[in-house]
Amino acid sequence: MNDAISLRGYQVQAVHSVIAHFQNYTEGYVHVVTGGGKTVIMSKVVSLFSGRTLVIAHTREIVLQIKKCLSLFNVSHGSINGNDKVVVTTRQSLNDVRLKGVQLLVVDEAHHATTTNSYGRIVKELRRFEPGGLILGFTATPDSRVNTLFTREIFRWSYNDGKKMGVLVPYTEIFLTIWKSDWLKSLKSIYEQLYMEKRKCLAFFVNRQMSKRFCAYMRKSKHDCFHVDGTTEKNDRELLIKKFAECKTGLLCNVGVLTEGFDDPSIGGIILYRNVQSPTLMTQIKGRGLRQCLGKKDCKIVHVRNM
């Protein structure tokens, strides 16, 4: 049966690099920036592996994305409590009994993995049951922690690679300072400029009170505006994101939930009304707007600070 999706040249190269790497080593990671299709590469690798495979992800949303992509490669996946060849789950669902017989462990969002957190424990238990088991990490934003658990980089595909190939769009960063006392009107003005350019936008806030307040303010002005955060009920969050996806323009406000596992290629504007100290987090946020989409030429990223 043929795959329902074709790989780009660099993705094929990444798959071949993984296969070649595991001829000599038992662990390593792949670095592909957001928009480069790391889930596609991962799914193709899993489809080619004959042994039992366990894929662990950081959130339920990412688990669902991986399962959907595996289906495009005709890979069946089952319950963690069964004997299925391929299992995809969150790390919170694991215990050491379920690691028996696993010959390939795939860790998505591998920048979260360290030897001292739950990922490290999982790897330790895998080594206890399967000393020769293979461990493969995937990340869009590697940092020093990745190298703590994954010591060998197998393949790297950067933003510049994606820009040169026309896979990712260029972006412009704009830095603005506003009066804190007038932040609602100022942010509204910033968004409406992006709206006039027909840009669909994300907004990142420091806390949910501000995000909710701004969302309500924008809805009073008849804008399509939605809010999600870590306390939003799962079904409500999925419904709100679905409604936003159906909008040609619009604004989705959030606090800490859309940096991973959220893929909407039509995003053409990002408003940051919060400080971001972590380069990893900043890379994740920028990546939300860099995917190609029909009619989309670039992305504008607006950093907003108080006076």
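At roughly what angle do the axes of helix α7 and helix α8 cross? The answer is roughly 65°, with the axes of α7 (residues 183-196) and α8 (residues 208-220) coming within 10 Å. Axes here are lines fitted to C-alpha atoms, for helices over the stretch in contact, and angles run from 0 to 180 degrees between N-to-C directions. The crossing of α7 past α8 is right-handed, meaning that the near helix is turned clockwise from the far one by less than a right angle.

On the α7 side, the contact (heavy atoms within 4.5 Å) is made by W183, L184, K185, L187, K188 and Y191. On the α8 side we find M210, R213, F214, Y217 and M218. Eight of the residues in this contact are nonpolar, three are charged and none is polar. Ala, Val, Leu, Ile, Met, Phe, Trp, Tyr, Cys and Pro count as nonpolar, Asp, Glu, Lys and Arg as charged, and the others, Gly among them, as polar.

## What you are looking at

This is a predicted model, where local features need pLDDT of at least 70 and side-chain atom pairs count only at pLDDT 80 or more, while totals for chains, interfaces and linings use all residues. Residues are numbered from 1 along each chain as its sequence is written, and side-chain values use heavy atoms, with hydrogens and water left out. Helices (H or I, at least four residues) and strands (E, at least two) are DSSP runs, numbered from the N terminus.

## The sheet

Six strands form an open sheet in the order β3-β2-β4-β5-β1-β6, with parallel pairing. Two strands pair if DSSP finds at least two bridges between them. β3 and β6 (153-157) sit at the edges with a single partner strand each, so one side of each has no neighbour in the sheet. From one strand to the next, the twist averages 15°.

Take β2 (residues 53-57): five bridges join it to β3 (residues 86-90), and four join it to β4 (residues 104-107). T53 has V86 as its bridge partner in β3 and L104 in β4. Further along, five bridges link β1 (residues 27-32) with β5 (residues 134-139).

## Tucked inside

Helix α2 (residues 38-48) is largely enclosed by the rest of the structure, because nine of its eleven residues are buried. Among them are V40, I41 and M42. α2 lies across β1, β2, β3, β4 and β5, at about 160° to β5.

Terms used. Buried < 20%, exposed > 50% of the residue type's maximum accessible area, 1.4 Å probe, protein only.
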